[in-house]
Amino acid sequence: MTYSKEWETIIGRFGRWIDFKNDYKTMDCKYMESVWWTFKQIFDKDLVYRGSKIMPFSTACNTVLSNFEAGSNYKDTKDPAIYVSFPLEDDPSVSMIAWTTTPWTLPSNLCLAINKDFTYLKIHDEEKDKTYIVAEPRLKDVLKQTNIKKHKVLEKIKGAELVGKSYVPLFDYFKHMKAQKCFTIVAGSFVTEGAGTGVVHCAPGFGEEDYKVCVESGLVQPGKVIMPMDDDGKFTKDVTDYQGMYFKDADPLITKSLKDKGRLVASGTVTHSYPFCWRS
């Protein structure tokens, strides 16, 4: 309270009116006790629940960052940009294509999100004899980025018709989640025409929208998500092939694994703005 009088003077000079003689301070015991009392009334009425939220995390500091902290420290960085195929279970000759700049999240993939209001195209890559499904508004960019020189549009499909279809997982680490109807296509309003393929790969432990759509679709229970990484950013034993490896170091190895499995459609790099820990 040493400089409280100076504070009153400065606030007055700002032209802000405060009744300093009848104020309260958050450090006052009466104030703290009133907050505890209020919370207890809400709790006793069963209006409080324990939830979960996906937050930015610093692997160097081993701590969560606030959204404000992460949002105030965006930097341009170069990341891999890969297109990955997800063959449909009912017709493995046809694959959804998703684009991602975070290959390290792919071992934790549990679903694909599409926009049910979009029109999707089934196209045939005539050079490689592959059939893919992408959003109509994204076709031009996808053809360019994946270097598909000669293609044929086979069919137009409403997004809503794709919802509920199952696909073949990229990895077997969490195949037991299929019993909870994972590895299916779900509807997500966050899927836009601005980037990617109109198909978004979702790993609920690593993305706020991913988590939300997986909970809403009943694929995971709130607070119980697949997140096979420790506080140092290293894969846990759940992901056996990359156990103990720092997630960014795993990017090229995961990409190579996808190529060996025939699931890598195209790969490259992208320079984009990405949040970093301001401390480390």
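1. In this predicted model, Ser85 is in contact with Ser95, Met96, Tyr132, Leu170, Gly262, Arg263 and Val265, leaving aside neighbours within four places in sequence. Ser85 belongs to strand β3. Its relative accessible area is 5%, and because the cut-off for buried is under 20%, Ser85 counts as buried.

2. Met96 is, with Tyr120, Phe235 and Leu258, among the residues that touch the most other members of the largest nonpolar core, a set of 47 residues. Two or more residues of this core come from each of β3 (74–87), β4 (94–100), β5 (111–114), β7 (130–135), β9 (184–187), β10 (199–202), α6 (208–216) and α7 (247–260). Val265 is in a second, separate core of 12 residues, which also includes Ile123, Val134 and Leu143.

3. What does Leu258 touch, not counting residues up to four places away in sequence? The list is Ile82, Val84, Leu106, Leu170, Phe171, Arg263 and Leu264. Leu170 and Arg263 are also in contact with Ser85. The charged end of Arg263 sits over the ring of Phe86, at 5.9 Å from the ring centre.

4. Strands β9, β5 and β10 form an open sheet in the order β9-β5-β10, with mixed pairing. The edges are β9 and β10, each of which pairs on one side only. From one strand to the next the twist averages 35°. Between β5 and β9 the pairing is parallel, over 4 bridges, and Ala113 stands opposite Val186 in β9. Helix α6 packs on this sheet and touches β5, β9 and β10; the directions of α6 and β10 make an angle of about 85°.

5. The aromatic pairs number 10. One of them joins Phe118 and Tyr120 and is tilted, with 6.4 Å centre to centre and 35° between the planes. Both partners are buried: the relative accessible area is 11% for Phe118 and 0% for Tyr120.

6. Why is the pair of Tyr167 and Phe183 edge-to-face? The ring centres are 6.2 Å apart and the planes stand at 85°, and planes over 60 degrees apart count as edge-to-face. Tyr167 and Phe183 both lie in the loop between α5 (159–162) and β9, so the pair ties together parts that are 16 residues apart in sequence. Both residues are buried.

7. A further aromatic group is a cluster in which ring pairs link Trp104, Phe206, Tyr246 and Phe247.

Note on methods: Residues are numbered from 1 along each chain as its sequence is written. This is a predicted model: local features need pLDDT of at least 70, side-chain atom pairs count only at pLDDT 80 or more; totals for chains, interfaces and linings use all residues. Side-chain values use heavy atoms; hydrogens and water are left out. A nonpolar core is a set of buried Ala, Val, Leu, Ile, Met, Phe, Trp, Tyr and Cys residues joined through side-chain atoms within 4.5 Å. Buried means under 20% relative accessible area, exposed over 50%, partly exposed in between (1.4 Å probe, protein chains only). Contact means heavy atoms within 4.5 Å. Two strands pair if DSSP finds at least two bridges between them. Axes are lines fitted to C-alpha atoms, for helices over the stretch in contact, and angles run from 0 to 180 degrees between N-to-C directions. Rings of Phe, Tyr and Trp (its six-membered ring) pair if their centres lie within 6.5 Å; planes under 30 degrees apart count as stacked, over 60 as edge-to-face and the rest as tilted. A charge sits over a ring if NZ of Lys or CZ of Arg is within 6 Å of the ring centre and within 35 degrees of the ring normal.
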